[in-house]
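Biologist: I'm new to this structure. Could you walk me through how to read its features?

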Amino acid sequence: MNSVSDLNSLAGETVVVIGGGFGGLSTACYLADAGASVTLLEKNEQLGGRASTFERDGFRFDMGPSWYLMPDVFEQFFAYFGKRPDDYYGLTRLDPHYRIFFKDGDRVDMVPDLQTNKEVFEAYEPGAGDKLDDYLRKSERNYRIGMEHFVYTDRTELTDFIDPVVFKNAWGLSLVGSMQDHVEKYFDHPKLQQIMQYTLVFLGGAPNNTPALYNLMSHVDFNMGVYYPDGGLAGVVDAIVQLGEELGVEFHTDSPVAEIAGRRGGFAVRTEDGREFLCDQVVSDADYAHTEQDLLSPEKRQYDADYWESRTYAPSAFLLYLGVEGDVDELAHHTLVLPTEWDDHFETLFDDPAWPDDPAYYLCVPSKTDDTVAPEGHSNLFALVPVAAGLDDTPEQRQAYRDLVLDDIAEHTGVDLRDRIVVEETFCVSDFADRYNSTQGTALGLAHTLTQTALLRPPHASKKVDGLYFTGSFTTPGIGVPMCLISGQLTAEAMAEDAG
């Protein structure tokens with residue numbers, strides 16, 4: 001992987017970082033290590049952004065991200081500061097990585113042993129086991145080259161791609177076409193196609209609108225493994241916050257920002273309670289559209305309201321957090337429940353927004369691995385159903401959908417939770433908008449569509465306000481915890497380049 005560019009030009013700068021998600025935390029660490037004086041302002045009562053937690057009656061829930069993927073990204077992040085992840089938290093490799101219930105009655109486990117997974121593929125389609133080998137070789141190459149030359153390197157201009165090194169390494173990469181087209185070249189069986197494409201949920205896309213380059217996620221899934229960090233994703237947040245404190249970052253929670261005024265060398269960041277933080281530069285890890293539309297005066301915005309209205313947003317989610325009596329033996333730590341045909345669900349996410357009648361969804365049961373997240377004799381789980389951003393989620397709609405989801409779980413996994421629930425909470429579109437200032441209530445940010453990838457995403461450096469920068473899932477490299485960690489590096493590098 002690429003090493004971090006020299007950040008020494010940031011020494012002595014004062015910087016305010018707005019937002020304590022993974023992008024903001026990462027940026028703050030890089031800046032502080034470079035010698036900048038960093039203050040981070042977080043709107044909510046805890047750090048972590050969407051990786052929040054809540055506790056009730058002995059249950060502790062990760063409210064947002066729950067998959068620990070791409071361990072190499074975390075290793076590289078901590079290594080920059082002379083640390084290792086295991087200086088802060090341990091990891092458990094999950095077995096199975098995840099379980100899939102197809103709604104026609106099939107059930108399959110994807111496990112750490114590749115030969116076993118090949119046998120599963122072969123059982124569905126003769127020759128598919130060997131094709132899985134071929135697919136994963138391509139995926140591994142795409143991962144290695146893609147990460148080094150297109151993820152850890154921020155190419156902000158079209159001319160950055162007209163480079164012999166880029167052409168040499170891009171040869172053979174799946175830079176055009178969709179994931180659907182790519183997967184169909186290898187597998188005919190629709191269930192195998194679904195297994196290879198389920199990770200698109202984490203990218204906020206659909207098979208027909210996500211670039212084929214993201215087949216690299218199969219290398220992450222099958223070859224690198226799926227892990228659970230001690231304390232869940234909140235344990236990772238705590239680790240990065242601790243690192244930030246060791247580096248000298250000053251954290252303020254319950255500090256929603258109302259205004260960004262000024263420019264390089266003379267910014268004033270004002271909070272809703274009237275405090276004012278003066279600084280040389282500002283980094284926003286808050287929602288990009290919220291930052292521009294609500295925190296900046298009109299003449300300082302790069303994009304107008306029509307631009308943000310025209311973007312394709314990753315889905316929101318209907319989340320149902322449940323503390324239940326007893327075990328849920330049929331479920332794995334990560335479980336997917338998929339309709340035999342899932343095109344209709346993706347249509348309700350992107351083409352004709354509606355509440356899915358036959359949803360594809362995800363169940364997380366951390367109590368399978370971690371006995372601290374639920375009282376003895378109980379299970380902790382949540383259901384996540386991707387739904388379109390911008391949907392109305394009235395109390396009546398939530399109740400109806402809650403009942404639909406519980407009925408569906410009982411029918412298709414054999415786990416009837418309905419009479420065993422002792423703790424229950426929902427989180428949906430309006431909550432994402434209220435808690436995270438999330439545009440249209442998206443759960444993730446801008447989708448990774450063919451026209452919203454790489455240099456087609458909004459830039460790290462504002463083109464209108466000198467000294468204002470952005471980090472997080474709206475920028476490159478994009479959606480997901482590992483990508484937001486890397487975005488912090490890219491933002492710091494952009495700041496150092498401008499300061500130098």
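**Cavity and rings**

Modeller: Gladly! Thirteen is the place to begin: 13 residues line the largest cavity, and Arg60, Phe61, Asp62, Tyr228 and Pro366 lie nearest its centre. Strand 4 (59-62) and strand 17 (378-387) are the elements that each give two or more residues to this lining. This is a predicted model, where local features need pLDDT of at least 70 and side-chain atom pairs pLDDT 80 or more, while totals for chains, interfaces and linings use all residues. Residues are numbered from 1 along each chain as its sequence is written, and side-chain values use heavy atoms, leaving out hydrogens and water.

Biologist: How many cavities of 30 Å³ or more does the structure hold?

Modeller: Rolling a probe the size of a water molecule over the atoms shows where empty space is left. A cavity is a set of points, on a 1 Å grid over the protein atoms alone, where a 1.4 Å probe fits but cannot get out; lining residues have an atom within 4 Å of a point. Here there are 2.

Biologist: Which aromatic pair is stacked?

Modeller: Rings of Phe, Tyr and Trp (its six-membered ring) pair if their centres lie within 6.5 Å; planes under 30 degrees apart are stacked, over 60 edge-to-face, the rest tilted. The whole structure has 40 aromatic pairs. Tyr68 and Phe74 are stacked, 4.2 Å centre to centre with 20 degrees between the planes.

Biologist: Is Phe74 buried or exposed?

Modeller: Buried means under 20% relative accessible area, exposed over 50%, partly exposed in between (1.4 Å probe, protein chains only). Phe74 has 1%, so it counts as buried.

Conventions. 1 Å grid on protein atoms, 1.4 Å probe; cavity = no way out; pocket = protein on both sides within 12 Å on 5 of 7 lines; lining within 4 Å. Points joined across faces, edges and corners; volume = space filled by probe spheres on them. Helix = DSSP H or I, 4+ residues; strand = E, 2+ residues; numbered from the N terminus.
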